[in-house]
Amino acid sequence: MKFESTFMRGLGLVFTAALFSMPAFAHESAAGFDGGFVSGFTHPLFGWDHVAAMIAVGIWGAFLRAPAIWLLPIVFPMVMALGAALGIAGIPVPFIEPGIAASSIVIGLAILLAWRAPIALAAVIVGVFAIFHGHAHGTELPHSANAIAYAIGFVLATGMLHLAGIAFGLLIDRPGGKIALRGAGGVIAMLGAGFLFGIV
Amino acid sequence: MVSLQCSAQGSCSALFNRVCIVLLMVLFFGTRPAWAHGSFPGSEGFVLGLAHPVLEPLQGLLAGAFGVLLARTRAHNQVHPLLVYVASVLIAGVTVFVWPELSPTSLALLAMTLVVSVSTAGFKSVPIFLTFFLAAFSGLAIGSNAISMIGEGRLPTSLGSLIGGIVFPIYFYGPANWLYDRETKHPWFHLVPRVLAAWVAAVCIMMIAFVYRSLAA
């Protein structure tokens with residue numbers, strides 16, 4: 001497919017650029033990147049429960065195809081930011097950790113079972129879980145030196161994880177791709193169960 | 001003579017290309033050579049004002065978001081909302097220059113950026129009436145935020161800042177329009193600005209919470 005080849009080429013460029021971006025970290029300072037962008041960018045990457053769920057959202061979106069492939073990565077960051085705002089404002093939300101673990105289980109199982117949920121229902125499921133993820137991040141946020149840099153880094157990292165999931169999900173049209181995706185869904189669901197029972 | 005009317009079939013990209021080239025030439029020839037080596041701490045006056053959308057991220061976010069929104073408006077003529085935007089920037093700029101106490105808060109800029117971004121992300125083709133409405137309010141927010149409060153060199157800095165606020169959306173309009181012009185060949189091209197707009201909206205929501213927290217502290 002043309003979409004895949006162009007997308008994969010673009011993704012290749014992003015990864016290549018990322019490889020060459022290491023020396024730029026030498027210039028970060030507490031008032032700029034260190035206290036803001038890098039801190040925000042790395043925050044979603046340091047929790048495997050978050051990483052698994054966000055990649056799962058991307059895979060599920062690709063699995064459900066258009067419009068889910070782009071709708072879910074639009075819904076998730078916006079609702080997650082709402083959850084983060086609740087956390088920053090100190091408004092409590094119950095069952096945060098079980099909710100985060102359940103997100104991996106539910107979305108992982110949806111991929112494993114090849115569940116073609118209606119788009120509205122998929123958006124609601126993803127949105128509800130995004131609240132838990134956002135709230136967890138919001139309550140853990142430091143009093144960052146550069147709030148806008150932190151927020152941009154945070155949202156960008158989340159979006160990149162979705163894109164990674166979508167890129168993996170595009171294997172669906174390749175030989176054996178569907179099996180690989182469903183297998184990945186199973187692994188994510190098992191990881192979610194591990195998070196829930198404190199095994200992982 | 002440069003036509004301000006876009007063709008009924010195509011977009012306004014050719015017109016904006018012409019406007020950008022003229023603006024770039026004016027800026028290039030109007031800049032004194034010594035400024036080419038100036039750093040931001042050293043720059044002042046008109047040039048410092050031009051860079052205001054870059055130095056003030058909240059204003060830059062709104063201006064960029066409006067540029068993408070304008071490209072999403074698949075009206076035959078995108079010039080009219082742009083003219084509304086320019087007029088709003090100038091009206092708000094003059095008003096705040098005379099009455100500085102009317103300068104907007106960070107929350108107002110963020111709320112406006114959020115509305116513009118959500119409109120871009122939510123609509124496949126933004127309705128023309130909504131574009132006019134958002135153009136007017138974006139212009140008012142940016143124009144009123146662009147005015148320098150420092151007494152010395154206030155006029156040239158503010159003038160540069162107003163022009164910067166008017167020019168800045170075009171840099172985002174261009175790439176977004178380029179993508180839309182090619183969406184018949186690559187249907188997923190129109191998704192890129194929508195996803196990016198959703199990310200900008202997410203940043204705005206978090207920033208509003210940050211501002212709220214800092215106000216409450």
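**Helix packing and a pocket**

Modeller: The lining of the second largest pocket draws at least two residues from each of these: helix 7 of chain A, and helix 3 (52–55), helix 4 (57–72), helix 6 (106–122), helix 8 (154–181) and helix 9 (191–216) of chain B. This is a predicted model, where local features need pLDDT of at least 70, side-chain atom pairs count only at pLDDT 80 or more, and totals for chains, interfaces and linings use all residues. Residues are numbered from 1 along each chain as written, chains are lettered from A and ligands numbered from 1 in written order, and side-chain values use heavy atoms, without hydrogens and water.

Biologist: What makes a stretch a helix?

Modeller: A helix is a DSSP run of H or I with at least four residues, numbered from the N terminus.

Biologist: How many lining residues are nonpolar, polar or charged?

Modeller: The lining has 23 nonpolar, six polar and no charged residues. Ala, Val, Leu, Ile, Met, Phe, Trp, Tyr, Cys and Pro count as nonpolar, Asp, Glu, Lys and Arg as charged, and the others, Gly among them, as polar.

Biologist: Why are helix 4 (residues 68–88) and helix 7 (residues 147–169) of chain A called roughly antiparallel?

Modeller: Their axes, lines fitted to C-alpha atoms over the stretch in contact, cross at roughly 155 degrees on a scale from 0 to 180 between N-to-C directions. Angles over 145 count as roughly antiparallel, under 35 as roughly parallel, 65 to 115 as roughly perpendicular and the rest as oblique. So these two helices of chain A are roughly antiparallel.

Biologist: Which residues of helix 4 of chain A make the contact?

Modeller: A:Ile69, A:Pro73, A:Phe76, A:Pro77 and A:Met80 do. Contact means heavy atoms within 4.5 Å.

Biologist: Why is helix 5 (residues 96–112) of chain A called oblique to helix 6 (residues 119–140) of chain A?

Modeller: They pack at about 140 degrees, with axes 9 Å apart.

Biologist: What makes helix 4 and helix 7 (residues 128–145) of chain B roughly antiparallel?

Modeller: They pack at about 155 degrees, with axes 10 Å apart. That makes helix 4 of chain B roughly antiparallel to helix 7 of chain B.
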